[in-house]
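Open the model in your viewer and keep the selection panel at hand.

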Amino acid sequence: MQTPAPFQYERATSVDGAIAALVAHDGDARIIAGGHSLIPMMKLRLASPEHLIDINDLEHELAYIAERDGEIRIGALTRHVDLLGSDLLARHYPLFADAEEVIADPVVRNRGTIGGSLCQADAAEDLSAVCAAVKARVVIRGRDGERTVSMEDFHVGPYQTAVGDDEILTEVRLPLRSGAGSAHFKTERRAGDWAIAAASAAVWIEGGTIADAGVALSAVGTTTIHLARAEELLRGAAPSDELFAQAAQIASEDCSPSADARGPVDYKRHLASVMTRRALRRASARALAMEA
Amino acid sequence: MAVTEENLPSPRQERPIGFGRLKRKEDARFIRGQGTYLDDIRLPGMLHGALLRSPYAHARIVSIDTSEALALPGVAAVVTAKDLETLGLAWMPTISYDTQAVLAGDKVRFQGQEVAFVIAETEYIARDALGLIDVEYEPLDAVVDARRALHEDAPLIRDDKEGQVDNVASPTWEAGDQEATDRAFAEADVVVSRDMIYPRCHPAPLETCGMIADFNPETGQLDIYNGNQAPNVHRTVYAHVAGLAEHMIRIRCNDIGGGFGNKVPVYPGYVCAIAGSIVAGVPVKWIEDRTENLVSTGFARDYIMRGEMCAKDGRITGLRVDVIADHGAFDSTAQPTKFPAGFFHICCGSYDLQAAHVKVKAVYTNKAPGGVAYRCSFRITEAVYLVERMVNALALEMGADQIDLRMRSFIAPEQFPYETTTGWTFDSGNYAETMKVAMEIAGYDDLLREQADKRERGELMGIGVSFFTEGVGAGPRKHMDILGLSMNDGADLRVHPSGKAMVSISAQTQGQGHETTFAQIVAEELGLPPEDIEVRHGDTDRTPYGLGTYGSRSTPVSGAAVGVVSRKVRDRARLIAATMLETRPEDLAWEKGRWYVRGDPEQGAMIEEIARYAYSGEPMPEGMEGGLDAQVIYDPPNLTYPYGAYIAVVDIDPDTAQVTVRRFIAVDDCGVRINPMIVEGQIHGGLAEGIGIALMEVITFDAEGNCLNSSFMDYLIPTALEVPEFELGETVTPCPHHPLGAKGVGESPNVGSPPAIVNAVIDALHQTHGVTHVDMPCTPARVWAAMQGRPEPPQ
């Protein structure tokens with residue numbers, strides 16, 4: 001059995017209470033929700049937090065998927081399995097289901113949360129790319145109140161986010177705009193493994209033209225890669241295989257993978273391109289199908 | 001075959017008296033989670049052990065300071081090599097007559113090697129204490145590549161061994177006839193050669209290794225709880241190593257969560273637990289974690305092979321093989337004493353060759369020791385992979401169909417028993433018939449047409465074939481022993497007065513279904529219901545001596561012992577029945593469960609009646625004692641030689657290079673099937689492992705000797721999503737010398753499937769991409785590299 005180093009444990013009864021506990025422990029505490037990243041890291045002694053604050057009792061505050069004020073709002077404690085099964089998400093942003101079908105396995109999906117996935121900020125994690133592609137904004141709460149940041153500002157560095165030591169990510173907000181189509185593609189060595197490379201794409205098509213686009217990559221850099229150059233290329237253009245091939249070319253150029261057991265750099269760049277092209281094609285086809 | 005209404009077992013088949021699809025007796029407890037595994041056992045006063053392991057692959061130990069760890073509340077003791085030296089336990093013998101450090105004193109020789117053993121009140125405290133032990137290392141140059149180990153300038157790994165001046169682990173071993181092989185190649189029309197690696201992989205049983213040692217200082221009795229595949233051999237080894245009297249040691253295995261060869265060896269942690277209990281005078285429990293299992297316990301394969309094969313007049317005629325075997329830091333490969341490269345020289349395969357010659361050189365490297373037979377009979381997996389890859393390479397060179405070439409070259413049915421050029425005597429077979437059954441299930445001609453159509457559309461589909469002959473059931477005592485112990489197995493059968501029976505065996509199940517299969521053998525022979533027969537195993541105090549379960553030897557050896565002991569009881573019952581029926585034994589005839597008078601079939605005695613009589617006050621036959629029991633030790637006259645024809649169909653994504661095994665057809669001939677359902681389950685499991693080995697399982701190291709696959713995040717084993725619905729078939733060629741006509745089967749699917757899959761991958765890529773070889777595992781990145789024209793061997 002792998003055993004973590006000694007730590008203190010408490011269960012929060014409210015979000016404000018959890019924030020107060022974070023403040024009280026002054027940077028030595030970690031929030032635990034699904035625990036599918038943190039607990040293995042603790043058992044391998046890669047992480048040794050002195051305090052854990054368990055927020056699993058806060059489902060009434062933090063677990064929901066709802067439409068409000070022209071947005072879809074997802075509570076941070078929403079489990080992967082609920083993202084996978086959500087009709088609301090399937091209708092507007094089917095890339096969530098694309099991604100959730102290939103994230104880990106049912107055991108992890110039953111327990112892991114969207115907030116935990118985003119805050120872990122592993123570059124190979126799928127939901128970060130998904131949220132970046134659909135231009136989500138996240139709500140971060142601290143003792144002085146809430147702020148809302150874009151995914152670009154949320155990703156600060158490897159395993160680092162805009163969430164401070166005494167703050168909690170509480171909500172993910174997805175804009176609802178017409179003409180949306182989206183898709184997520186991933187290549188993995190085996191079901192449940194981290195991606196070798198994955199791409200998320202969203203397009204908003206108005207009158208046969210791509211009004212806006214979002215493309216992001218997983219596992220091919222030290223953080224989630226936001227493909228700004230590809231988005232620029234796509235904006236205002238008519239969807240076509242040639243256009244997507246150009247965007248895919250940008251993906252292979254603008255990612256920065258490193259060689260590891262999943263593959264060498266050239267293969268990962270190649271995959272970034274293949275995944276981007278496939279994601280854009282399907283996203284566009286879905287947008288056009290919705291329009292028709 | 002897919003399960004349909006027609007071939008579902010009938011209710012009658014579900015409760016056979018004897019052979020048939022009996023549901024597994026052990027599953028009632030397993031599916032309810034009621035098994036008793038090592039970690040379920042808690043003894044009063046038990047302490048917990050944990051091992052400190054080396055972070056370096058090769059380093060001199062300058063000093064070890066245990067004072068801080070000892071000061072941690074709850075720590076009872078910290079044991080180092082120095083302490084073990086005083087007990088004479090610093091080194092232990094391996095199963096290959098090498099020595100292995102129990103705890104490293106002079107040097108560490110692989111990353112993960114055992115350095116210190118902490119004993120504490122809880123496992124948590126023991127593991128916290130590991131971080132408080134201060135070891136000063138002086139890092140040395142590490143040797144990771146077996147080829148480099150042979151260089152003159154390579155650092156000497158085993159400077160502990162007197163007279164050892166290089167990294168050669170054992171003298172080069174040869175089989176076959178070199179001159180005749182040279183002649184065959186000189187006369188050949190076609191010659192091909194391939195360099196290939198069977199990479200290091202790991203059996204990775206879901207239950208890791210561990211032990212509870214309970215030494216009683218008052219009585220000198222040592223009770224051991226330890227799931228291993230050969231409890232009787234382990235007991236002898238402990239008696240030898242620890243200087244304890246063998247009859248004062250009792251090993252109980254209980255339920256075992258998988259072995260696959262990984263639980264054959266004796267590991268340093270076991271010796272530490274025993275030494276800990278002797279020193280502490282209380283039970284000591286030690287269980288390794290997943291990382292420890294993957295980085296330190298018995299790995300498998302790691303063969304660097306060069307094969308050459310030739311053909312004349314359209315038939316395969318010769319084979320030449322040169323191997324470097326990487327044994328890691330200590331030679332603890334598993335094989336019978338006289339066979340230092342195991343049964344690798346069975347690599348002439350299922351073909352009637354003119355000549356073959358095999359050379360194997362074994363080396364030490366700074367990697368974990370092992371070389372265990374991961375679901376294979378002593379290196380036959382490597383042998384079959386080599387020969388079946390070579391046959392396909394030859395077929396490519398000749399422009400021949402991969403099945404046609406095999407069909408033309410097979411040993412013919414009338415040639416059995418067949419003496420191979422490397423010294424095996426294959427007992428029986430009809431290879432062409434089995435191949436035909438596989439082609440029929442696969443729809444081989446349709447597959448070829450489908451492949452041609454897909455090629456035109458730019459889709460990549462491959463069809464791969466392998467045909468293997470295994471040699472399992474080691475083995476005859478005149479040829480085979482391990483550590484001087486003959487590879488025989490005992491069986492002890494007692495029929496109680498009520499007609500219930502208990503059969504004690506020396507084979508040790510790790511999931512193979514022994515409690516069912518062996519009951520069925522007794523049931524078949526005595527005509528008792530299998531539910532009335534208890535199979536006792538896994539307790540050295542209550543079972544006869546024997547060498548255990550590995551190398552698919554349970555049914556070939558232990559199963560034969562059970563068959564023979566049952567017949568002995570049946571013969572005894574005949575004598576008793578003759579007295580009961582007041583007739584002569586030779587006037588009695590047997591039908592299942594009953595001796596009856598030949599001339600008057602109404603007159604007879606059921607086996608239950610005979611049992612009751614045997615224990616009663618009635619007179620026994622002249623000179624016979626009461627009771628109805630017998631015991632035997634079975635010495636097999638030869639190995640059994642199961643074989644099979646496998647066909648894999650793969651699809652490869654042309655863009656991502658991901659390989660999908662779409663279909664897998666496995667036709668096995670393992671002789672008589674005692675429980676066909678268990679046989680099929682064994683085949684399913686082995687095929688899943690074979691797919692894992694072919695596509696994803698590998699243990700690799702960086703240049704410093706750091707193991708890169710130390711968790712299930714990095715050591716991938718396949719899930720249900722990577723394996724297709726298997727299509728099984730069978731032919732039955734009974735083994736002529738086995739009492740039941742059975743052959744082993746557990747390992748066949750692991751042996752036969754990897755080459756079929758790799759052959760399929762090559763078949764998919766050869767025409768379009770010019771690929772002639774890809775080393776396993778065929779991961780997307782490695783297949784893509786091959787498609788780009790630069791295949792890379794694994795690190």
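Select chain B and colour by secondary structure: chain B has 20 helices and 34 strands. Helices (H or I, at least four residues) and strands (E, at least two) are DSSP runs, numbered from the N terminus. This is a predicted model; local features need pLDDT of at least 70, side-chain atom pairs count only at pLDDT 80 or more, and totals for chains, interfaces and linings use all residues. Residues are numbered from 1 along each chain as its sequence is written, while chains are lettered from A and ligands numbered from 1 in the order in which they are written.

**The whole of chain B**

Zoom out. Along the principal axes, the C-alpha atoms of chain B fill a box of roughly 80 × 75 × 50 Å. Of its 795 residues, 57% count as buried. Buried means that 20 or more other C-beta atoms, placed from the backbone, lie within 10 Å of the residue's own. Contacts join residues whose C-beta atoms, placed from the backbone, lie within 7 Å. Among contacts in chain B with a separation of 6 or more, 79% link residues 24 or more positions apart.

**One glycine**

Next, select G276(B). It sits in helix α9 (residues 268–280) of chain B. Is G276(B) buried or exposed? G276(B) is buried, because 26 other C-beta atoms lie within 10 Å. Beyond its neighbours within four places in sequence, G276(B) is in contact with G49(B), V79(B), F117(B), I119(B), A213(B) and V284(B). From G276(B), T381(B) is 105 residues away in sequence and 38 Å away in space, C-alpha to C-alpha.

**The cores**

In soluble globular proteins, nonpolar side chains tend to be buried together. A nonpolar core here is a set of buried Ala, Val, Leu, Ile, Met, Phe, Trp, Tyr and Cys residues joined through C-beta atoms within 7 Å. Select L217(A), L103(B), V118(B), I757(B) and V761(B): of the 299 residues in the largest nonpolar core, these touch the most other members. Helix α11 (residues 380–398) of chain B gives the largest share of this core, 11 residues. Another core, of 42 residues, lies apart from it; F518(B), I521(B), A523(B) and I607(B) are among them.

Finish on V761(B). Which residues does V761(B) touch, not counting those up to four places away in sequence? They are G462(B), V650(B), I652(B), V659(B), V774(B), C778(B) and V783(B).

Notes: A residue is buried if 20 or more other C-beta atoms lie within 10 Å of its own, exposed if 12 or fewer, and partly exposed in between; C-beta atoms are placed from the backbone. Two residues are in contact if their C-beta atoms, placed from the backbone, lie within 7 Å.
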